[in-house]
Amino acid sequence: MPFSHIDETGRLTMVDVGEKPITDRTATASGVVLMRPETLAAIRARTTPKGDPLETARLAGIMAAKQTDRLIPLCHTLPLAYVNVELTLAANHILITATARARASTGVEMEALTAVSVAALTLFDMCKAIDRTMRITDIQVRSKTGGASDWLASGTPTSDAPPSPDMTPSGAGT
């Protein structure tokens, strides 16, 4: 199968989505920031030195989703209708889940992944003064609807366990 972003001479190109139908697109991504229980306790008690890392990370994720085309080469500019970032605290990690929606001719997976990634980086930045052992992991698309195909990850992330990376097609899109 040929690469979609490389022309016949080997140069990078932006995929032409001009002829693709405009449909409702939704994508949800997730990621995990592993950290010490003491760090989570400080977050719960709102005693972290830089302020509220949860609200800062949530806002940073939303803002980043809106800038995806400026961060990732060859990404299309999309008219995002909705972005939401949720952070769920567990015993040894924070689960980040982001959902992006648009009515467009290409998907919003990169916007959801960007929201999760920047939210995770922001959590790290906000908490690194009290925990330098944090680890960002398991960033992945959990589901995607609209376009040529829909995807749903086989496992559902919970606040008790990091998500599984297995993703399988669930059928044709709209």
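Predicted model: local features only at pLDDT ≥ 70, side-chain atom pairs only at ≥ 80, totals over all residues.
The largest nonpolar core holds 31 residues. Within this core, Val33, Met35, Val85, Leu87, Ile94, Ile96 and Leu123 touch the most other members. Six elements each supply at least two of the core residues: strands S1 (23–34), S2 (80–89) and S3 (93–104), and helices H1 (37–45), H2 (53–65) and H4 (109–127). The greatest contribution comes from H4, which gives nine residues.

Helix packing was examined next. Two packed helices are described by the angle between their axes and the distance between the axes. For H2 and H4, the angle is about 145 degrees and the axes lie 7 Å apart. The crossing of this pair is right-handed. On the H2 side, the contact is made by Pro53, Leu54, Thr56, Ala57, Ala60, Gly61, Ala64 and Ala65. On the H4 side, Glu111, Thr114, Ala115, Val118, Ala119, Thr122, Leu123, Met126 and Cys127 take part. By class, the contact residues divide into 12 nonpolar, four polar and one charged.

Charged pairs were then considered. Side chains of opposite charge can pair when their charged atoms come close. The model contains seven salt bridges, counted with a cut-off of 4 Å between nitrogen and oxygen. Three of these pairs are described here.

Aspartate 24 and arginine 103 meet through their side chains in a salt bridge, at 3.1 Å from N to O. Aspartate 24 belongs to strand S1 and arginine 103 to strand S3, so the pair ties together parts that are 79 residues apart in sequence. Aspartate 24 is partly exposed, with a relative accessible area of 48%.

A second salt bridge joins aspartate 131 and arginine 36, with the closest N and O atoms 3.8 Å apart. Aspartate 131 lies in the loop between H4 and strand S4 (135–145), and arginine 36 in the loop between S1 and H1, so this pair ties together parts that are 95 residues apart in sequence. The relative accessible area of aspartate 131 is 0%, and the residue is buried. Arginine 36 is partly exposed, at 33%. Both residues belong to a network of salt bridges that links Arg36, Glu38 and Asp131.

The side chains of glutamate 55 and arginine 58 meet at 2.6 Å, N to O. These residues are three apart in helix H2, so about one helical turn separates them. Glutamate 55 counts as partly exposed, at 39% relative accessibility. Arginine 58 is also partly exposed, at 27%.

Threonine 39 provides a further view of the region around aspartate 131. Threonine 39 is found in helix H1. This threonine is buried, with a relative accessible area of 1%. Not counting residues up to four places away in sequence, threonine 39 touches Cys127, Ile130 and Asp131.

Methods:
Residues numbered from 1 in each chain as written. Heavy atoms only, no water. Core = buried A, V, L, I, M, F, W, Y, C linked by side-chain atoms within 4.5 Å. Buried < 20%, exposed > 50% of the residue type's maximum accessible area, 1.4 Å probe, protein only. Helix = DSSP H or I, 4+ residues; strand = E, 2+ residues; numbered from the N terminus. Axes fitted to C-alpha atoms, helices over the stretch in contact; angles between N-to-C directions. Left-handed = near helix turned anticlockwise from the far one by under 90°. Contact = heavy atoms within 4.5 Å. Nonpolar A, V, L, I, M, F, W, Y, C, P; charged D, E, K, R; others polar.
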